[in-house]
Amino acid sequence: MTVKEVLRAHSAAHEDASPETKGEGGHAPSVAPATIAAGRASQELGVRRAEFELAVHLGLIAVTGAPGGGRPRVHEDEIARLREQPGFPDALVERVRTVGTAQAAALLDIAPARFTRLARAGCVSPVTFYLNRYRAVVWLYLADELAAFAAREPELLAGRTPPGMRTMLESGADWRARNWRSQRIDRLLDRTTDPWARTAVQASALDPVQLAEVVDDPYERAYLVRVRPEPVFGRPGSMAAREAMAELMLADDPDEILWRRVNLTLELDSAREDRPAPRPGDDGGARATPPARTGARPRAVRPAPAAEPAAPPACTRASRPAAVGRTTRKGLLARLGWRGRGAG
């Protein structure tokens, strides 16, 4: 066989390749983008692991689920995108810089006691926390958000405390855990458009008794546990930290509990319309939660329930947005069996 005949035979074999070696339309299958583990990604970005995890939590770094449900990974093109941003890596580090009470007060040029009052009143929201050696919760705040607050509300940094805020603080109000919960829930909702996963996020703020009153089907409650999105990174490691996280995640004020029950009911209605929760013996008819690349904002499949206000009126001087209209709200309250504050 001559050289030309060999080349012609090789070319014919390539053109007649089986469908298993080609994609649709006769084209070679596209190669999946390369991904790297979180530890290596943080090294390539030049940031500490804690900074990397917070950046993922804030949606600044997109990650993707690993095959088989392993730890999320980062696409190499995402690393390249971040490295091309102006001021890298210092700009990224600054966006995730956190400060405690003393540093926050120094940053705002106010006394630590005044900053604590502002935080308790809900004017600034913590982004994360840790437990000190006495197992007390120590809240941490984004330096960027504190700077934005100072520019937005300079009158709250000096002079007398507004009467409404003073009355609220004297009553023992503390919005720090509530605001942390609200922001955490919003960020988890941003990561998914799956109706059951969104329902599970709303359900995470209610204790088992409250949850059972809204979701009376035990199979639906079990499914919510299965599909609940978890924080991609930064899960507390010690038993004490896990216990603190579990306690802080639950709404503890009657007004907040009602807010979460209403939003849970709205999301549950949407999930039931999308598909039923699986029952024992089902053949997989109920779809699993679709994997999603997190960090970017997924497109919502429908208007989401109203988010809880980030601060009480004492700080914003704004009226509380309504989750639903008056007629709808009354109908929801009847479904929830809610009797309001002071119910016996």
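**A sheet and the helices around it**

Hi everyone, let's start at the sheet: helix α14 (residues 239-248) lies across β4 and β5, running at about 135° to β4. Angles, from 0 to 180 degrees, are between N-to-C directions of axes fitted to C-alpha atoms, for helices over the stretch in contact. Helices (H or I, at least four residues) and strands (E, at least two) are DSSP runs, numbered from the N terminus.

This is a predicted model, in which local features need pLDDT of at least 70 and side-chain atom pairs pLDDT 80 or more, while totals for chains, interfaces and linings use all residues. Residues are numbered from 1 along each chain as its sequence is written, and side-chain values use heavy atoms, leaving out hydrogens and water.

Now the whole chain. The protein chain has 17 helices and five strands. Of its 344 residues, 40% are buried (under 20% relative accessible area; exposed is over 50%, partly exposed in between, with a 1.4 Å probe and protein chains only). Take the contacts (heavy atoms within 4.5 Å) between residues at least 6 apart in sequence: 75% of them join residues at least 24 apart.

Back to the sheet. What is the strand order in the open sheet? Three strands line up as β3-β5-β4, with antiparallel pairing; two strands pair if DSSP finds at least two bridges between them. β3 (98-99) and β4 (128-131) are the edges, and each has a single partner strand, so one side of each lacks a neighbour in the sheet. Helix α8 (residues 143-152) also packs here, touching β3 and β5, and its direction makes about 65° with that of β5.

Zoom in on β4 and strand β5 (residues 137-142), which pair in the antiparallel sense over four bridges. Thr-128 stands opposite Leu-140 in β5, and Tyr-130 has Val-138 of β5 as its bridge partner. The β4 and β5 hairpin has five residues between the strands, and one of them is Arg-135, with a positive phi near 60°. Arg-135 is not a glycine, and it counts as exposed because its relative accessibility is 64%.

For those of you who check torsions, there are two further spots. Asp-109 has a positive phi near 60° without being a glycine. Where does Asp-109 sit? Asp-109 is in the loop between α6 (101-108) and α7 (112-120), and at 70% relative accessibility it counts as exposed. The other spot is the cis peptide bond from Phe-88 to Pro-89, with omega near 0°; Pro-89 lies in the loop between α4 (76-83) and α5 (90-95). As background, most residues other than glycine have a negative phi, and most peptide bonds are trans.

Finally, a helix pair. The axes of helix α10 (residues 176-190) and helix α15 (residues 254-274) come within 12 Å and cross at roughly 10°. That makes α10 roughly parallel to α15 (under 35 degrees; over 145 is roughly antiparallel, 65 to 115 roughly perpendicular, the rest oblique). From α10 come Arg-178, Arg-181, Ser-182 and Ile-185, and from α15 come Asp-255, Glu-256 and Arg-260.

Leaving aside residues up to four places away in sequence, Gln-202 touches Ile-185, Leu-189, Arg-260, Asn-263, Leu-264 and Glu-267. Leu-258, in helix α15, counts as buried too, at 8% relative accessibility.
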